[in-house]
Amino acid sequence: MFALALSTGLLLAGTVRAQEAPLKFGKLEAKEATALLAVPTADSAAAEVLCDFGQSSIQGKNEGFELKFERTARLLIRRRAGYDHATVRVLLYHDPKGGGREELLQLKGLTYNLTGTTLSKEPLRTEAVFSRKVDERLDEYAFTLPNVREGSIVEFTYVIKSPFLFNLQDWQFQQDIPVRWSEYRTTIPSFYRYKELTRTYWPFALNETGAKAYATTYREDTRTSYGSIPTGSGNSYTITTQALTRRWVQKNLPAFHPESFMTTERDYLSRVDFELERIQFDEKRPPQFIVGNWAEIEKELLEKESFGQYLRATTAVSTAAAPLRTLPDPTERAAAVRQQVLAAVGYSGSTGTHVRNTAKRVVELRQGNAAEVNLLLVAALRAAGLDAQPLLLSTRAHGRIQTELPVVSQFNYVVAHVALPEGKELLLDATDASLPHTLLPDYCLNGQGRLLGPAGKWVNLADNAPHLLYTNAQLMVNARGEIQGNIRQEYAGYAAAEHRRPLPALRQQWQQAHPDWQITTIEASAPDVARPVVLELKASLPGAEAPAATLYLRPLQQLILPTNPFTQAERLYPVDFTTARRLECIVNITLPAGYAATELPATMQLVLPNEGGRFLFNVSQPNPQTIALLGRLQLTKTHYSAEEYHALRELYTKALAKLAEPIVLQRQ
C-alpha cells in the first residue's frame with residue numbers, strides 16, 4: 001500500500017551509532033564478484049543495481065555553508081540490453097543571475113570483468129565524461145564506464161558540492177531495473193530545517209532518526225573599503241550544535257514497470273524529497289522561513305511582472321470582451337469570452353506557469369503557451385465583468401500536488417476560475433477548441449488545483465463529464481448468418497473530443513476497431529463542441545456461403561466488445577482514470593424467416609464494492625422474430641486502489657465473457 005509521510009525534521013532525543021557504509025568504491029574482490037554473479041537477477045532483467053548509496057550533509061565553507069552530496073553505486077550488467085545502464089547522467093544546478101554553481105568532484109569509475117578466477121579492473125577515463133547545457137539553470141554531465149560486456153560489474157562514485165542550501169538532494173530508491181540495496185543518509189545541523197516527503201509502495205528495511213554532535217568550520221573574508229579580500233585571509237569560525245540524522249534503506253526492489261491508467265511515474269517510485277523550510281542560527285531570534293505558506297506564494301505570483309501584471313494589461317482581446325457584459329447569464333458570458341480568446345490566440349503546446357512574452361506581443365503573434373493563453377483568458381473574463389482568477393495545477397504528466405508543501409514548482413499549468421452565483425464555479429481553458437467550455441483538457445484532471453486571489457483555496461479538478469460511448473443498432477440476420485443493418489454510435493463527454501475529427505479519419509478509426517464489418521455508407525455529425533459526435537453507418541458482417549440449420553450470433557462481441565485493459569493478475573499501483581467511463585449498447589435483431597432462438601445468454605448484473613461501478617446485461621424477446629440486447633458497463637469512480645484492482649479486473653473479465661456469449665438460432 002502507498003505510504004506518504006511528511007516530517008518537518010524535528011530533532012529527537014538519543015543518538016545513532018555510526019554506521020559502516022554498505023559499499024566502498026574499488027573494494028570488490030574476485031570471490032565476492034563470483035558470488036554476486038551466481039545470484040539470479042530478479043525478473044531476468046538485463047541489469048540490476050547491486051547497491052546504491054548516497055549521503056548528504058551541510059558543511060562550512062568560505063562565507064557560509066554548502067551542501068555536500070556523496071554517491072557510490074555498483075551495478076551488474078547481465079545482457080547487452082542492459083548496456084545503457086553503464087552510462088550515468090548527473091544534473092547540476094546553477095544560478096544564471098547570482099552566478100552560483102554546483103560542482104561535480106572526485107568522479108571515479110571502474111568496470112570489473114571476471115575471467116575464470118581473475119578479476120580485471122578498468123578505470124573510467126577523463127575523455128569519457130561529457131557535459132551539455134539542459135536549460136538556463138541545469139547542466140548535465142554524462143559518463144560511460146569502459147569495456148562493458150555481458151557479466152560486467154560497473155561501479156562509480158562522485159561528490160556534488162552545492163552553495164544552494166535549498167537544493168538538498170532528493171533520493172530515488174526504485175529504478176527501472178531491480179535494486180538489491182538502496183540507502184540514503186542525511187546529517188542536518190539544527191539551524192537548518194527541511195520538510196521531508198517520503199513516498200513508497202514498498203516497506204523500508206530501515207527508517208531511522210537520531211541526533212548526534214555536530215561541528216563545522218567556515219571562513220569569513222576580511223572586508224575593507226575596497227571590498228572583500230580573497231579567500232585565505234579573514235577569520236575562521238567553528239560552530240557546534242546538534243544534528244538530525246536520517247537513514248533510509250530499501251532492499252530487493254523489483255524493477256518499476258508502468259501500468260495502464262497511471263499518472264507520471266514519479267508519483268509511484270519509492271523516493272524521498274526535501275524542501276528547505278527555515279533557517280535559525282540564534283534561538284533568541286525568530287527563524288527565517290524559506291518555504292513560506294500558500295498565501296505568501298500567491299501574493300508573490302500576483303505581483304510578478306511575469307504573472308500578475310499580465311492580468312492587468314489591456315489588449316485587443318480584453319477590449320473585445322468588454323461589450324459581453326450585456327449578456328445576463330454569467331456562464332454563457334464566460335463561454336463567449338473563451339470563444340473570443342480561442343479565435344484570437346492559438347496554443348503553442350508548451351506548458352508552464354510563467355509567460356515569456358508580454359500580453360500585447362502574444363496577441364500580435366496570435367500564439368502563446370498555456371500560461372499566456374489562459375492569463376489572457378482571465379483578463380478578458382474580468383473585462384467582461386466576471387469574477388475570474390488564475391488557478392494553478394499540475395498536469396498528469398507532471399505529477400500530483402502535495403498540498404503540504406507550498407512550492408510553486410509543483411505546478412506547471414494555469415487555467416481560469418470563474419465564481420458563479422449561489423457558490424457555483426466554472427473552470428475554463430482556452431487551449432483546446434475541440435472541448436466545450438465546461439471541460440478542461442483531460443491531462444489537467446489531476447487531483448486539486450490552487451486558486452489564487454482573495455479567495456485562495458484548493459479546488460477539486462475531478463470532472464463529472466464521463467467518457468461515454470453509446471451504440472444503438474437495428475440489425476437483420478439472413479439464413480446464411482449474414483448480419484446487416486443500421487448502426488448509430490454517439491461519443492459524448494471526453495470521448496467526443498477524441499472523435500471530433502474529419503469523416504475520413506473517423507471512418508478509418510471505426511474500420512480499424514471493427515475489421516470484420518463492411519461499411520456501405522457512413523455519415524458523421526458534430527453540430528458543436530457542446531454536443532456528442534454522432535456516427536451513423538450502414539454495414540454488414542459476412543455470413544456463410546450457404547444457409548445453415550444452426551446459426552451462432554455474437555453481435556455485441558463483433559460490434560462493441562472492448563478489450564480488457566487489465567491483463568495483469570496482480571497490480572501494485574492504483575488505477576487512475578482521467579474521468580468516469582460508460583459503455584452502453586442497445587441492439588435489436590430481426591431473425592430470418594423460419595428460424596427460432598433456442599439458446600439465449602442469461603441476464604447478468606455485477607456490482608463493484610464501494611459503489612465503484614456496475615455491469616448490466618439483459619436479453620429479451622419481444623416477439624418470436626425479434627431479440628433485444630442491452631449491455632451497460634459503468635465505472636463511477638476515477639481512482640481505484642490496488643486492493644480494488646481484483647474486483648475491477650474481474651468485472652471486466654466477466655462482462656466481456658458475457659458479451660461474447662452466442663445466441664443460437666435453429667431452423668424450424
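Modeller: Buried means under 20% relative accessible area, exposed means over 50%, and partly exposed lies in between (1.4 Å probe, protein chains only). This is a predicted model, so local features need pLDDT of at least 70 and side-chain atom pairs pLDDT 80 or more, while totals for chains, interfaces and linings use all residues. Residues are numbered from 1 along each chain as its sequence is written, and side-chain values use heavy atoms, with hydrogens and water left out.

Biologist: Is Glu-298 buried or exposed?

Modeller: Glu-298 has a relative accessible area of 7%, so it is buried. Its place is helix 2, residues 294–303. Helices are DSSP runs of H or I with at least four residues, strands are runs of E with at least two, and both are numbered from the N terminus.

Biologist: Which residues is Glu-298 in contact with, leaving aside its neighbours within four places in sequence?

Modeller: Contact means heavy atoms within 4.5 Å. By that rule, Glu-298 touches Arg-450, Leu-451, Leu-452, Gly-453 and Gly-456.

Biologist: And what joins the side chains of Glu-196 and Arg-246?

Modeller: A polar contact of 2.8 Å. The term covers a pair of N or O atoms within 3.5 Å; within protein, one must be able to donate a hydrogen and the other to accept it, and residues adjacent in sequence count only if both atoms are side-chain atoms. Glu-196 lies in strand 12, residues 192–200. Glu-196 counts as buried because its relative accessibility is 6%.

Biologist: Now sheets. How do strands pair?

Modeller: Strands of a sheet pair through backbone hydrogen bonds, either parallel or antiparallel. Here, two strands pair if DSSP finds at least two bridges between them.

Biologist: How many bridges pair strand 30 and strand 38?

Modeller: Four, in the antiparallel sense; strand 38 spans residues 663–667. Leu-553 stands opposite Ile-663 in strand 38.

Biologist: What describes a ring pair?

Modeller: A pair of aromatic rings is described by the distance of the centres and the angle of the planes. Rings of Phe, Tyr and Trp (its six-membered ring) pair if their centres lie within 6.5 Å; planes under 30 degrees apart are stacked, over 60 edge-to-face, the rest tilted. The structure holds 35 aromatic pairs. Phe-173 and Phe-204 have ring centres 5.5 Å apart and planes at 80 degrees, so the pair is edge-to-face. Phe-173 is buried at 1% relative accessible area, whereas Phe-204 is partly exposed at 22%.
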